[in-house]
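Subject: Structure handover

Hello,

Here is the structure for you to look through. My notes on what was found follow below it.

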Amino acid sequence: MMRVRTDGALLGVDQVRTLGSISTDFARDTADISDRQNIQYHWIRIEDVPTIWQRLAAVGLETTEACGDSPRGFLGSPVAGVAKDEIIDGTPALQEIKRRYIGDPEYSNLPRKFKTSVSGHPSLDGAPEINDVSFVGTVHPTHGPGFDVWVGGGLSTNPMLAQKLGVWVPLDEVADVWEGVIGIFRDYGYRRLRSKARLKFLVADWGVAKFREVLEKEYLGRTLPDGPSPDRATVNGDHIGVHEQKDGRFYVGAAPIVGRVSGTMLSALADVVEQYGAAGVRLTSYQKLVVLGVAGQDVEDLVAALERIGLSARPSTWRRSTMACTGIEFCKLAIVDTKARATALIGELERRFPQMDTPITINVNGCPNACARTQVADIGLKGQLVLDDSGNQVEGFQVHLGGGIGSTEPSEVAFGRKLRAHKVTSADLDDYVSSLVANYLAERNDGESFAAWVARADEQSLRGERALAEVGA
């Protein structure tokens, strides 16, 4: 497996085309868009790696520290610099952090991996709640646009939401503060016990007051101004669909199916971007992509061209809102299939609920590590082996319900609810999710979200006990 980091950058035609050709030439046409805004290949032969590195370097891309106990690929806003409602463009800060610190031996042997997010968009599209450090756009009443700092987020088997320092950091100081935070992790992180070697455990033990004090006194040598912090997102952060930019052009967010693309698709995408003179492509933290800088008269033709190559700018609710990790197909940690299973689930839900009027996020994971964020989806499915009705051990899922991040409803920024002793086999997954959705549609109040319904629903409804005939099973 090989990951190519993008760090929130705008990918031009040559870069997208190179990503496609590497896949077709060296990776058996495999490629996935990860929820870390990486491109991930499989079937890479070690003897081909030097050639791949050369091709990537020729277009300004790299794989440095995309894996390992290091600063992993950064998340940035896919619409940075163009969105009408953006608070502040964090792109210069991401570029400066990368220039200064990626590949620096001082930060290449951390206690564990270290995840970064920088976004000035009010949708919180960089998933700040679940990163080790996030710089979140905010407006100070005196100083103007800048960033608050959130620290200690992360999922896996001990999920924790990031805590807000309540500070204000100007754009040109983001890289300095980032170095301070990662320095604390390097120097104070729990190296001796790998299961507690993420920053979130240190933040949980210290608390934000001590963390801020150490950051300011030991690493920055100055006090950060207090500042406001956004409570929640104000709009959806996946950027799917057609949206006008502040310069009068448009950006178009498009969805593959559960992040699965291919070299063939990426090469075709490069052709589309070139044909319509678009500015380029950014990947998203929801396994999607956004084409930026599209002229108004070209929007519908570009949307149609994307659809023809397997990228939908007007996807179904189910295709838009479902993510899946790599799964047992390629990951040695996974227990169950994810990509193909989630794709089949999407198809069945599209058949049974073709006119779904409310987004319901479904995140499918192959193991407990939560690479596709099991705990923060409306329906989170964590892969494990379960017993079927005949007592045979088969692929299945533990179910998490009613989680969410980046939500426009404060009650939904939370971890999903686990039902005691409730698991579902992979074979029964279509029927279970369909029954769950049918129960929600039958019992919801006007305007009630899925997560809000989960919070008050009884276990009979959440266990999916409903006649499936009602939903066309």
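The largest pocket is lined by 48 residues, and Arg-3, Lys-113, Lys-115, Asn-369 and Cys-371 lie nearest its centre. A pocket here is an open set of points on a 1 Å grid over the protein atoms alone, where a 1.4 Å probe fits, with protein on both sides within 12 Å along at least five of seven lines; lining residues have an atom within 4 Å of a point. Strand E2 (31-33) and helix H5 (199-206) are the elements that give two or more residues to this lining. Helices (H or I, at least four residues) and strands (E, at least two) are DSSP runs, numbered from the N terminus. The pocket has a volume of about 1300 Å³, meaning the space filled by probe spheres set on the points, which are joined across faces, edges and corners.

This is a predicted model: local features need pLDDT of at least 70, side-chain atom pairs count only at pLDDT 80 or more, and totals for chains, interfaces and linings use all residues. Residues are numbered from 1 along each chain as its sequence is written, and side-chain values use heavy atoms, without hydrogens and water.

The protein has 13 helices and 18 strands. Five of the strands form an open sheet with mixed pairing, in the order E4-E5-E6-E7-E8; two strands pair if DSSP finds at least two bridges between them. E4 (75-76) and E8 (163-164) are the edge strands, each pairing on one side only. E4 pairs with E5 (residues 116-119) in the parallel sense over two bridges, and Leu-75 has Ser-117 in E5 as its bridge partner.

Regards
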